[in-house]
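Please open the model in your viewer and keep the sequence panel beside it.

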Amino acid sequence: MSTENPTYQPLARKYRSQNFDELIGQDALVQTLQNAIEHNRLHHAYIFTGIRGTGKTSTARLLARAVNYVGTNNNNKPTTGPTDDCPFCQAIAEDRHPDVLEIDAASHRGVDDIKEIMDGVKYAPTSARYKVYIIDEVHMLSTTAFNALLKTLEEPPKNVIFILATTEIHKVPVTILSRCQRFDLRRIGVDTLSEHYKMIAAKENVKIDDDALNMIARAADGSVRDGLSLLDQAIGLSGTNNISASLVEQMLGKADRSLIFECFGALMKGESAAFFKHLDTLYESGADPKMVLHELLDVNHLITRIKADPNLLTNERLSPIEKEHGQNFAGHLSIPVLTRIWQVLMKGIEELRYAPDTQKALEVVLIRGLYLADLPPMTELVETLKKKELNSQSIAPVQDTSKPPSEMVAENTPKTETAHVIAQPAPVPEQSNQKATVVSPQAPAQPQPVRTSGTATAQARIQEDVLDDPLMEKWARIVNIFKENNEIGVFQNLYMHARPVEIKDNVAIIALGDRAPEKLLLKANRYLSEWDNASYTIEATAKSDSDTLLEFKKKQEAQEKQEIMAHPIIKKATELLPSFEITDIQRIDNQGDTTDENR
C-alpha cells in the first residue's frame, strides 16, 4: 500500500503568513497597515514592491481578510488580529470569495482584461464589506491597460480597494504610483531568516545544524519563500529528518568551508602545489566552479571586513572556522593585496559566464591570482630600488623628513640639471601599462623633490640639453608675449606654423607654413604695436628648413627621454616593470615648480 501523503503541502505554502504577526521582517509596513485599520484610515489603492518572496502577495491577502473580517458573531469592525474564526476570511484564504479577485497581470495584461475589472467595479460587494482587487506583477500590464486603469484607480467607487504588487517598480508609470500608497518590502536579514527556518524545522520535527540553517538563510538572499524551498529540498535529501551542514553544502553545490579557507591560504601564499591539490579535491567532490569562485570571494570579503572592523569576530553568526581563519588571514594580509585578489576574482566571474569549460576557466583565473597574490606592492619595489642604488653609491638621498617613505632621490653625475620621474603603480603588473611623467628644469638648481600623492618619486641627473638654440630661445620669448596678453589664437598659430630665420635689432624674420592663417602676421604686428611689453616686429620671408617651436619641443623631449631612459635607476625600473614608459616631460624653475610656458 502506498504511504504517500496526498495532502502534503510544500513548506512555502504551508507556512504562508496567516496574520500580521506572522509577517516577518516588515515591521514598518505591518505597523502602518494596523494603524490604518484600527483608526479607519484605509486608502483606496496600495502598491507593494520588493524582491520575490518577501511577502507582497501575502500582505495583500492579509489586508483583504482584515478589512472584511466579521468573525462568528457578524462583527462590523475590521481586525488586525487572527481571522481564523471568520467564514469570509476563510473563503478569501482559499481564493473562492466573489468579492476578492486576484489577477495575474502577466497573463491578463491587455486593455480588455482591465475593462472587465472596470465593469465589475461598478457593482457593490455581494457579501463582503469591501470589494478588493489584487493585481500581481502589475508592471506587466500594457500601456493602454495602465491608461484604462488610471481614472478608476484615482476615484474608485465606495467600498473598493485596489492592491497592486510588483517586483519591478521602475516599470510602473508615475501616474499609477501617484494614485497609490507605496510600501517597499525589505530583504529579510540572515539572522531573522535563520530563526524563522529553525522554528519551522522544529514544527516539522526536523533536526538541522545551525551552520546548515545559516547556509540556507544566506542562499535565500533575503527571500523567505526561496529559503523555505531550499529547506524543503534539504529535508527531502536527508531522508532521515537530520540535516547537517555538509549535506546542505552538497545540495547547494558549495565546497567544504574549511577546504575553501585552505585553498584561499595557498592562493595568497603562492603555493601552487598545495593550491592545485585543494582545487582538485574540490573538483572531485563535485563543487560547482562558479560556486567555488563565489566562495573565495566570500572569504576575501570576510577578511576585508575583519581588517576594517575587528569587532566582527564577536559576531555569533560567524562559525568557529570563519572566526579562526578570518582572524589569522586578517593579521597577515594587507588591504591592497586583498583588493587586488578581489579584482581578479570579480573579473573571473565574467569569464566563467562565457567559458565553454568552467573548470578550466576557473583554473586559469586562479592561476592568475596565484602569481599576483604575493607580488610586493609598488612602494616595496621602489624601496628595493633605493637600497640597491644606495649600495652602488649611485644615489644621493635628499634630506627631507617631510617626504613620504615611497619617494627617493638619486644623483648619477654632477650635472646641473635634474629630472623628476613620477611612476604610477598598477594593480596587475602583467596587464599593466606603467607610464611616467618627467619634469626637467630650465636653469641649474638644487634638486627639489616633487610632491606626489600615493606615487613613487625619483630625481635623476641628465646631461645638458644638446638641442639648446639661442635663436629658438629668443623666438620663444616673443611668442610667449601673446600668451601673456591672452591672445591664445595667435600664440598657438605662431607656435605651430612659424619657423624663425633671424632675430636682429628687434625684428623677427620668420617663414610661415602653408596652414598658417592668411592674416596671422598682420594681426600679430598690430598687437605688438599696442602692447607696452612688446618692442618687436615680425617680418615674413621664404620657406625655411628651421623647426617650429612645436617641432623643436618634440625633438627636445625625445632627446631627454632617451637620456633619462639610459639612467641606471630607470633601467632597473624597466626590468621590474617591462611596460614602463615616459609619456610627458615638464620643465621646472629653480623652485621646483612647473610652469605652463615651459611645458
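Which residue in β5 is the bridge partner of Tyr 46? Select Tyr 46 and look across to β5, where the partner is Gln 181. The model is a predicted one, in which local features need pLDDT of at least 70 and side-chain atom pairs count only at pLDDT 80 or more, while totals for chains, interfaces and linings use all residues. Residues are numbered from 1 along each chain as its sequence is written, and side-chain values use heavy atoms, with hydrogens and water left out.

Strands are named here as DSSP runs (E, at least two residues), as are helices (H or I, at least four residues), and both are numbered from the N terminus; two strands pair if DSSP finds at least two bridges between them. Showing the 5 strands together gives an open sheet with parallel pairing, in the order β2-β3-β4-β1-β5. At its edges are β2 (100–104) and β5 (181–184), each of which pairs on one side only, and from one strand to the next the twist averages 15°.

Contact means heavy atoms within 4.5 Å, and angles run from 0 to 180 degrees between N-to-C directions, with axes fitted as lines to C-alpha atoms, for helices over the stretch in contact.

**Two loop residues with positive phi**

Follow the loop between α6 and β4 to Asn 159, a residue other than glycine whose phi is positive, near 65°. Asn 159 is partly exposed, with a relative accessible area of 29%; buried means under 20% relative accessible area, exposed over 50%, and partly exposed in between, with a 1.4 Å probe and protein chains only. Then go to Asp 95, in the loop between α4 (87–93) and β2, where phi is again positive, near 60°. At 55% relative accessibility, Asp 95 counts as exposed. Most residues other than glycine have a negative phi.

Select helix α9 (residues 210–220), whose buried residues are Ala 212, Leu 213, Asn 214, Met 215, Ile 216, Ala 217 and Ala 220. To see what covers these buried residues, display α8 (190–203), β6 (207–208), α10 (224–238), β7 (242–243) and α11 (245–252), which are included in the cover. Just after α9, Asp 221 takes a positive phi of about 55°.

**The largest nonpolar core**

Move on to Phe 264, Phe 275, Leu 282 and Leu 366, the residues with the most contacts inside the largest nonpolar core, which has 40 residues. Such a core is a set of buried Ala, Val, Leu, Ile, Met, Phe, Trp, Tyr and Cys residues joined through side-chain atoms within 4.5 Å. At least two residues of this core come from each of α12 (257–269), α13 (272–284), α14 (289–308), α15 (320–332), α16 (335–354) and α17 (358–373). A second, separate core of 27 residues includes Leu 11, Tyr 15, Ala 220 and Ile 235.

Keep α12 and α15 on screen: their axes lie 10 Å apart and the helices pack at an angle of about 10°, which makes α12 roughly parallel to α15, a description applied to angles under 35 degrees. From α12 the contact takes in Arg 257, Ser 258, Phe 261, Phe 264 and Gly 265, and from α15 Ile 321, Glu 322, His 325, Gly 326 and Phe 329.

**The three-stranded sheet**

Finally, select β11, β12 and β13, an open sheet of 3 strands in that order, with mixed pairing. β11 (498–504) and β13 (537–540) are at the edges with a single partner strand each, so one side of each is left without a neighbour in the sheet. β11 and β12 pair in the antiparallel sense over 6 bridges, and the hairpin that they form has 2 residues between the strands, with Asp 505 in the turn at a positive phi of about 55°. On the other pairing, 4 bridges join β12 (residues 507–512) to β13, and these two strands run parallel. Lying across β11, β12 and β13 is helix α19 (residues 470–484), which runs at about 100° to β11.

Note on methods
Angles under 35 degrees count as roughly parallel, over 145 as roughly antiparallel, 65 to 115 as roughly perpendicular and the rest as oblique.
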